Amino acid sequence: MLKFLLYHAREDELVAVKDWMKAHPDVQVDTNDVPLTEKTVGLAKGYDGIVIQQHIPVDSPKIYQQLHEFGIKQLTLRITGYEIVDLKEAAKNHLVVTNVPAYSPRSVSELVLAHVMRLVRHLGIAQAREAHHDFTWDGIEANEIHNLTIGIIGAGKIGSAVARIFKALGSTVIAADPIHRPELGDTLTYTDHETVYKTADIVTMHTPLTDETHHMIDKHVFKMMKPSAFFINASRGPVVVADDLVDALESGEIAGAGIDTIEGDSQIFSQDWSNKQLDNPPLEKLLKMPNVSVSPHVGFYTDAAVANMVEIALDDVLTIVNGGTSRHQVTE
């Protein structure tokens, strides 16, 4: 019988794990509640494959060496972002790295819609007033979504799902992406980044985190945007210079923002920080702004997406262990 180990398993993932084992009775899947680190890599000994999901970087060469010595052939992530993995060390130790690039594009796109509607209808501003029993209407007249232009940076699986939702609502959708997909011809119009920044009423980010996209959204981009525009980031925190976003909001360069991720959130989101000081000044400022909508990196967090992430990851491990090739392999 094959044995797989899921590191850092959440309670909500266990049902999907059990369902997968029922469909694969010849595989035993064990779980633990710790991330893969130099201290915990020894837990993989005796297993045929492992799956991880964590924010902590897998940055020690010893981890990759140990996995190779244990006979592990792969390092499978049940998340999309693979920047936590040292791909050079993985290759050096003959470890195939895979991710889950499309667990449920609808999950993120629906959260983007929720942020946009909250911002466009000025609900945060209204609720801030209502906390003081101020129910006036001044300044909260809203646009209707079908009259707005949605600008998407990165129209891959998630970005295209966002495009389809807003197209269905009657919005004009434009996108900047190096790959032009013919199937999106009736959904969006491709253009360049600068045109998106300058003309869109909503600019929403759906790019991976790479050397090229790191801090691609900075003060220069915000200055290009319309003062009535809203900015959404449901991709990766470090694609945006957080201090520049705060400055753009405070100066009125943009009208508001919807944030599902922010640089440095890995030690904060998904944890209880009640009555503790956040070690993230930009986030603290954003949380106090009524024209900002913040969610704790939960774009992926739906029942369908959680199940898909577990199932796709375990399928990939089984494929690789049995000598096959995963469609989700990532390389440098």
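This is a predicted model: local features need pLDDT of at least 70, side-chain atom pairs count only at pLDDT 80 or more; totals for chains, interfaces and linings use all residues.
## Annotated regions

Let's start with what the UniProt record says. An unreviewed entry there gives residues 10-330 the annotation "domain: D-isomer specific 2-hydroxyacid dehydrogenase catalytic". Over that stretch, the chain is 34% helix and 13% strand.

## Helix 1 meets helix 11

To describe two packed helices, you give the angle between their axes and the distance between the axes. Take helix 1 (residues 14-23) and helix 11 (residues 303-321): their axes come within 9 Å and cross at roughly 40°. Angles under 35 degrees would count as roughly parallel, so at roughly 40° this pair is called oblique. The crossing of helix 1 past helix 11 is right-handed.

Who touches whom here? Helix 1 brings Ala16, Val17 and Trp20, while helix 11 brings Ala307, Val310, Glu311, Leu314, Asp315 and Leu318. Sorted by class, this contact has 7 nonpolar residues, 2 charged ones and no polar ones.

## Helix 4 and its neighbors

Now for helix 4 (105-120). With helix 6 (residues 157-168), helix 4 packs at an angle of about 50°, and the two axes are 8 Å apart. Helix 4 and helix 6 are therefore oblique to each other too, and helix 4 passes helix 6 in a right-handed crossing.

On the helix 4 side, the residues in contact are Pro105, Arg106, Val108, Ser109, Glu110, Val112, Leu113 and Val116. They meet Lys157, Ile158, Ala161, Val162, Ile165 and Phe166 in helix 6. By class, that makes 10 nonpolar, 1 polar and 3 charged residues in the contact.

Helix 5 (residues 123-130) has Gly124, Ala126 and Arg129 as buried residues. What do the buried residues of helix 5 pack against? They pack against helix 4.

## Tyr103, tucked into a loop

Tyr103 belongs to the loop between strand 5 (96-98) and helix 4. Is Tyr103 buried or exposed? Its relative accessibility is 10%, and buried means under 20%, so Tyr103 counts as buried.

Leaving out residues up to four places away in sequence, Tyr103 touches Thr80, Val108, Ile158, Phe300, Ala305, Asn308, Met309 and Ile312. Look at Phe300 in that list: Tyr103 and Phe300 are 197 residues apart along the chain, yet their C-alpha atoms are separated by 7.9 Å.

## Two residues with positive phi

Most residues other than glycine have a negative phi. Here are two with a positive value. His133, which is not a glycine, has a phi of about 60°. You'll find His133 in the loop between helix 5 and strand 6 (149-153). Because its relative accessibility is 66%, His133 counts as exposed.

The other one is Ser270, with a phi near 80°. Ser270 is in the loop between strand 11 (256-259) and helix 10 (281-287). Exposed means over 50% relative accessible area, and Ser270 has 71%, so Ser270 is exposed.

Terms used:
Residues are numbered from 1 along each chain as its sequence is written. Side-chain values use heavy atoms; hydrogens and water are left out. Axes are lines fitted to C-alpha atoms, for helices over the stretch in contact, and angles run from 0 to 180 degrees between N-to-C directions. Helices (H or I, at least four residues) and strands (E, at least two) are DSSP runs, numbered from the N terminus. Angles under 35 degrees count as roughly parallel, over 145 as roughly antiparallel, 65 to 115 as roughly perpendicular and the rest as oblique. A crossing is left-handed if the near helix is turned anticlockwise from the far one by less than a right angle, and right-handed if clockwise. Contact means heavy atoms within 4.5 Å. Ala, Val, Leu, Ile, Met, Phe, Trp, Tyr, Cys and Pro count as nonpolar, Asp, Glu, Lys and Arg as charged, and the others, Gly among them, as polar. UniProt positions are given in the numbering used here, feature names are shortened, and annotations may be inferred rather than shown by experiment. Buried means under 20% relative accessible area, exposed over 50%, partly exposed in between (1.4 Å probe, protein chains only).
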